Amino acid sequence: MVNANVMALLAHGSINYEGVPGGTPELTAEDVAGALGMGNLPREAYLLGLLKYAGDKTVLHELDTLVQKYVIGVGVKEKWREPWPNEKKRSLMFFKQFARLMINEIVDENICKSCNGTGIYQRSKMTRKCNCTNGKKALSKLKQAKFCNINHQAWNERWYERYSHCLKQIHAWHASVIFHLINHI
């Protein structure tokens, strides 16, 4: 249970209900950044941890670039065709959005916008269970395709499976960050 309490302290503005004085936690973004720097994490995982748990948005550009390079590397290795072979700039922009979509999924955790992650939808006097899963609702394939500026049919036929495959690596980096923080904080 101690590990869950430490992870709860990482959320910005969380409240410490344990202990007599209570109040806001004493674990700061600097503590998190220091703990992340103590390990042998891959650069991508380190930046992901800084972005998600320390709230450091200055690393977003570098993380974007590294994730985009990872995606393109996977694409070259598996011989993917570019979405627009005759328009290199448009294809590059697609891969940038593709990478950002994966980062957003990890950092934002797909919190449902209807219930704000509570699982209970409240509007004026009406209260009911939200249609999400425990306060989380993944983007639909249509919204993912729109985010990447690609045809919905092409996303479903080709790119969604590739997205899911690449997303596994991002989740692995996130898991290594969590493991590292639990062991060093």
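This is a predicted model: local features need pLDDT of at least 70, side-chain atom pairs count only at pLDDT 80 or more; totals for chains, interfaces and linings use all residues.
Colleague: How far apart in space are Asn-151 and Pro-83, C-alpha to C-alpha?
Modeller: Along the sequence, Asn-151 and Pro-83 are 68 residues apart. In space, from C-alpha to C-alpha, the distance between Asn-151 and Pro-83 is 10.0 Å.

Colleague: On which residue is the kink in helix H7 centred?
Modeller: Helix H7 covers residues 152-184 and has a kink of about 55°. One of the residues that H7 contributes to its contact with H5 is Trp-159, and the kink in H7 is likewise centred on Trp-159.

Colleague: Which word describes how H5 and H7 are set to each other, and which hand does the crossing of H5 and H7 have?
Modeller: H5 and H7 pack with their axes 10 Å apart, at an angle of about 50°. As for the hand, the crossing of H5 and H7 is right-handed.

Colleague: How do the residues of the contact of H5 with H7 divide into nonpolar, polar and charged?
Modeller: From H5 the contact draws on Phe-94, Phe-95, Phe-98, Leu-101, Met-102, Glu-105 and Ile-106. From H7 come Trp-155, Trp-159, Arg-162, Tyr-163, Cys-166, Leu-167, Ile-170, His-171 and His-174. By class, the contact of H5 with H7 has twelve nonpolar, two polar and two charged residues.

Colleague: Which residues in H7 meet Val-67, Tyr-70, Val-71 and Val-74 in H4?
Modeller: The axes of helix H4 (residues 60-77) and H7 come within 10 Å and cross at roughly 140°, which makes H4 oblique to H7. H4 passes H7 in a right-handed crossing. The contact of H4 with H7 contains seven nonpolar, two polar and no charged residues. On the H7 side, the residues that meet those of H4 are His-165, Cys-166, Gln-169, Ile-170 and Trp-173.

Colleague: How many nonpolar, polar and charged residues does the contact of H3 with H5 have?
Modeller: Helix H3 (residues 43-53) and helix H5 (residues 88-108) have axes that come within 9 Å and cross at roughly 50°, so H3 and H5 are oblique to each other. The crossing of H3 and H5 is right-handed. The contact brings together Leu-48, Leu-51 and Lys-52 of H3 with Ile-103, Ile-106 and Val-107 of H5. Sorted by class, the contact of H3 with H5 has five nonpolar, no polar and one charged residues.

How values were computed
Residues are numbered from 1 along each chain as its sequence is written. Side-chain values use heavy atoms; hydrogens and water are left out. Axes are lines fitted to C-alpha atoms, for helices over the stretch in contact, and angles run from 0 to 180 degrees between N-to-C directions. Helices (H or I, at least four residues) and strands (E, at least two) are DSSP runs, numbered from the N terminus. Angles under 35 degrees count as roughly parallel, over 145 as roughly antiparallel, 65 to 115 as roughly perpendicular and the rest as oblique. A crossing is left-handed if the near helix is turned anticlockwise from the far one by less than a right angle, and right-handed if clockwise. Contact means heavy atoms within 4.5 Å. Ala, Val, Leu, Ile, Met, Phe, Trp, Tyr, Cys and Pro count as nonpolar, Asp, Glu, Lys and Arg as charged, and the others, Gly among them, as polar. The bend at a residue is the angle between axes fitted to the seven residues ending there and the seven starting there.
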